[in-house]
Amino acid sequence: MQRLVVVSLAALSVAGVVGLLTGCQRKEAEVQAPELPVQTVSGFLEIGGVLDRRGEQGAVFEVSPETGDLVAFVFDPKSALGQRLLSQCVQNMPCLVEGVRARPLDSQAPATKVLGELGFSVSPSAWLGMIDAGDARVESALEEPERQVKTRFGVVTVQEGDSSVVLNGQTVLPIQEESVSIVRNAPVGGEDVLLLQSGSGSACPALFQVLAVSAQGVQVSPKFGSCSDRVFAVVEEKRNQAPRLSIRMLGFAGPFESEEEQRKATRQVREFVYQQGSLTLDGKPVSSQ
């Protein structure tokens, strides 16, 4: 069963880290694989969180479904386990890992203290050392598709039959050729930003549009995307910057491309950013496809 938690905290926006803390590169070289106490987390876990790597250490940061606390599952990128995780998952994207065995790390141990200084963009409540794990894969971390959501400025509805979109009964997106669903609804500053998903089939599983609702009215972006349906949309709030919605997705190569091209595409991440009425890719405005 999928346990990925959709996170809108800026803390999990690991792509926005400016750099390592001063002097951490030296400490990074000194730290050895953390010593693990005898106690082991009972049983096998299925974890889902954002993959991040900093130099000699890697971690999957999960928001615990039980407590809401942020937990870091740490691994050595050079180990067999680490190499497998890095080959099956992608930096800054949600990673679902099955059959995890882990041990709590001593929070007072020098090695654990160094982990907190490596430049990870989050400060977890607990550090766990991964002993072993089964299969891992990139997963989408969007909300369950909906046809109606309530925003601060009214109700947005995707109409049955023609998939047109209305706000408080007024049409804001005309009749669509393909079925449309709302897969993300998040306040971003003074706007409520909805992510609309359309598309189907193996040639292009998914395309997206941003619908932003505010006191000033409604804005709808052009359709965009790589065609991949493995997507992570997270609100980022950085100091001295307007909040934004980062929409990250894997690359995509269609069924008529070679297996090698398909594999290479899924190792790439494309990041679209919506901020104050502007949708960009690599800093350039997104135009209609």
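Trainee: Which residue stands opposite A72 in β3?

Mentor: F61 stands opposite A72. This is a predicted model, where local features need pLDDT of at least 70, side-chain atom pairs count only at pLDDT 80 or more, and totals for chains, interfaces and linings use all residues. Residues are numbered from 1 along each chain as its sequence is written, and side-chain values use heavy atoms, leaving out hydrogens and water.

Trainee: How many bridges join β2 to β3?

Mentor: Some terms to begin. Strands are DSSP runs (E, at least two residues), and helices are too (H or I, at least four), numbered from the N terminus. Two strands pair if DSSP finds at least two bridges between them. Here, β2 (residues 57-63) and β3 run antiparallel, joined by six bridges. Six residues lie between these strands in their hairpin, and G68 there takes a positive phi near 80 degrees.

Trainee: Which way does β5 run beside β3, parallel or antiparallel?

Mentor: Parallel, with four bridges joining β3 to β5 (residues 126-132). W127 in β5 is the bridge partner of A72.

Trainee: Which residues point each way from β3?

Mentor: L70, A72 and V74 point one way; V71, F73 and F75 point the other. All are buried. Buried means under 20% relative accessible area; exposed is over 50%, partly exposed in between (1.4 Å probe, protein chains only). Six of six residues in β3 (residues 70-75) are buried.

Trainee: What percentage of the chain counts as buried?

Mentor: Of its 289 residues, 47%. The chain has four helices and 20 strands.
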